[in-house]
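Morning, everyone. Please bring up the model on your screens.

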Amino acid sequence: MFDDKRGKKVVLVAHCILNQNAKIDRCAHYPGAMREVVQTLVEAGVGFVQMPCPELMIMGLDRQVDRAAVTTIEAEDTRVGWRMAAEAGQDRCRRMAGDLVFQIEQYLKNGFEVVGVLGINGSPTCGVEVSWFDDREQPDAGVFVRLLREALAARGLDVPIRGVKAYEPAQSVAVVQALLDRPLQT
Ligand code: SF4
């Protein structure tokens, strides 16, 4: 089965790795996809599972900003972080994480390799090694990644999750390359 041209390797990517148009206002760094990261994965023959953008799904594209207010990006990230961490935000994130875990299990069950999950460091929602909360960078995961980790652990799945940053393309490519070079877990 599946004996065709597919490479049987997939990576789950934060929505905005493929589509910067989903970013919070003033935070996009590319017109479309994060070019270097995406090119590296395309050249490695990996298929993309684009995760939903939790902030867009819960708060909308404009994150329900007060358009009349003068705010900083940091203050907006804090406001968004609080909304995402509220019960309704977590409930929706948990459902999205559950759907992704279902997809991961399907690939693994059918003998595919799940190279990993790529989140966005510094995000209150998709941060992996660092996120944003209460007006400062925090050395832990954002709300969506934390719940995705919990959902994976609940199913006994060990899938690496790493963070990249759109404004650090060289470091981000190195993170991706390390995932690609990682020995296959059996
Ligand atoms: S980091 Fe996550 S929440 Fe923020 S724009 Fe990207 S996908 Fe959406």
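Start at the ligand. This is a predicted model, and 13 residues sit around the ligand. Cys 16, Cys 53, Glu 55, Ile 120 and Cys 126 come nearest. Which elements give two or more residues to that shell? Helix 1, residues 15-18, and helix 3, residues 54-59. Helix 3 gives the largest share, three residues. By class, the shell has eight nonpolar residues, three polar and two charged.

Second stop: Val 164. Find Val 164 in strand 6, which covers residues 161-164. Buried or exposed? Val 164 is buried, because 24 other C-beta atoms lie within 10 Å, and 20 or more is the cut-off. Now look along the sequence. Gly 119 is 45 residues away from Val 164, yet the two C-alpha atoms are 6.3 Å apart in space. Leaving out residues up to four places away in sequence, Val 164 touches Val 37, Leu 118, Ile 120, Asn 121, Ser 172 and Val 175.

Last stop: a helix pair. Helix 2 spans residues 35-43, and helix 7 spans residues 169-181. How do they pack? Their axes are 8 Å apart, at an angle of about 25°. That angle is under 35 degrees, so helix 2 is roughly parallel to helix 7. The crossing is right-handed. From helix 2 come Glu 36, Val 37, Thr 40 and Leu 41. They meet Pro 169, Ser 172, Val 173, Val 176 and Gln 177 of helix 7. That contact has five nonpolar residues, three polar and one charged. Val 37 and Ser 172 also touch Val 164.

That's my tour. Thanks.

Methods
Residues numbered from 1 in each chain as written. Predicted model: local features only at pLDDT ≥ 70, side-chain atom pairs only at ≥ 80, totals over all residues. Near = placed C-beta within 6 Å. Helix = DSSP H or I, 4+ residues; strand = E, 2+ residues; numbered from the N terminus. Nonpolar A, V, L, I, M, F, W, Y, C, P; charged D, E, K, R; others polar. Buried ≥ 20, exposed ≤ 12 C-beta atoms within 10 Å, placed from the backbone. Contact = placed C-beta atoms within 7 Å. Axes fitted to C-alpha atoms, helices over the stretch in contact; angles between N-to-C directions. Parallel < 35°, antiparallel > 145°, perpendicular 65-115°, else oblique. Left-handed = near helix turned anticlockwise from the far one by under 90°.
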